[in-house]
Amino acid sequence: MEGFNMHGNEESGVMGRKRVMVVVDDTSHSKHAMMWALTHVTNKGDSLTLLHIVPPHQGPEPSCSTNLVNYLGSLCKDCKPGVEVEALVIQGPKLATVMSQVKKLEVSVLVLGQKKSSSLLSCICGSSGSSCTEEFVKHCINKAECLTIGVRKRSQGTNGYLISTRWQKNFWLLA
């Protein structure tokens, strides 16, 4: 995906570094998004921030959250050593926390894992439930001040990903 390569002016030796942020948790769609960002968006010298958000009403579980992001960070470093990996665990409301971190860290690309949503579950649990990521992803795509990409791995047996951005919904990308 050439559009993501930001190399700047090669004559002057200036390299444009991207800061890519992925919202991670212990779900498979989150891990697929992280690996997709690592293999399709980041280049040597870029920064990858793994953001894990602990809901405000949940008691702090620092060891579980820290272990998760450290494990995922290790996977990223092993997979692509030239990318600087940073892991953050923040307690707060999910959408507001993501938006504030995008702005604070000057994120270039935000990558979010998507899963096939169930319309019944979406109606029941609203946008904050773990099974209702679709609404959260839509809000981030429409509100974030950077390129935001929703990534969903195609079902077993078919290769590729469904990619959603502000301009393109459910675009099938072979990988």
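## A cavity inside the model

Helix α5 gives the most residues to the lining of the largest cavity, three of them. Helices here are DSSP runs of H or I with at least four residues, strands are E runs with at least two, and both are numbered from the N terminus. This is a predicted model, in which local features need pLDDT of at least 70 and side-chain atom pairs pLDDT 80 or more, while totals for chains, interfaces and linings use all residues. Residues are numbered from 1 along each chain as its sequence is written, and side-chain values use heavy atoms, without hydrogens or water.

The count comes to one cavity of 30 Å³ or more, and the largest cavity has a volume of about 80 Å³. A cavity is a set of points on a 1 Å grid over the protein atoms alone where a 1.4 Å probe fits but cannot get out, and lining residues have an atom within 4 Å of a point. To find the lining, look for Val23, Asp25, His29, Ser30, Lys94, Leu112, Gly113, Thr133, Phe136 and Val137. Two or more of these residues come from each of α1, β4 and α5. By type, the lining has four nonpolar, four polar and two charged residues.

The expected span is 1.5 Å times one less than the number of residues. Among the buried residues of α1 are His29, Ser30 and Trp36; buried means under 20% relative accessible area with a 1.4 Å probe, protein chains only.

Helix α3 covers residues 94–105 and reaches 16 Å from its first C-alpha to its last, close to the expected 16 Å. Its buried residues are Thr97, Val98, Met99, Gln101, Val102 and Leu105, and they pack against β1, β2, β3, β4 and α5. Just after α3, Glu106 takes a positive phi of about 55°.

## The nonpolar cores

A nonpolar core is a set of buried Ala, Val, Leu, Ile, Met, Phe, Trp, Tyr and Cys residues joined through side-chain atoms within 4.5 Å. The largest has 23 residues, and Val22, Trp36, Leu48, Leu50, Val111 and Val151 have the most contacts inside it. Helix α1 gives the most to this core, with five residues.

Leaving aside neighbours within four places in sequence, Leu48 has contacts (heavy atoms within 4.5 Å) that include Val20, Val22, Leu38 and Cys76. A second, separate core of 18 residues includes Met21, Val23, Leu110 and Phe136.

Definitions and conventions: Buried means under 20% relative accessible area, exposed over 50%, partly exposed in between (1.4 Å probe, protein chains only). On a 1 Å grid over the protein atoms alone, a cavity is a set of points where a 1.4 Å probe fits but cannot get out, and a pocket is an open set with protein on both sides within 12 Å along at least five of seven lines; lining residues have an atom within 4 Å of a point. Grid points are joined across faces, edges and corners, and a volume is the space filled by probe spheres set on the points. Ala, Val, Leu, Ile, Met, Phe, Trp, Tyr, Cys and Pro count as nonpolar, Asp, Glu, Lys and Arg as charged, and the others, Gly among them, as polar.
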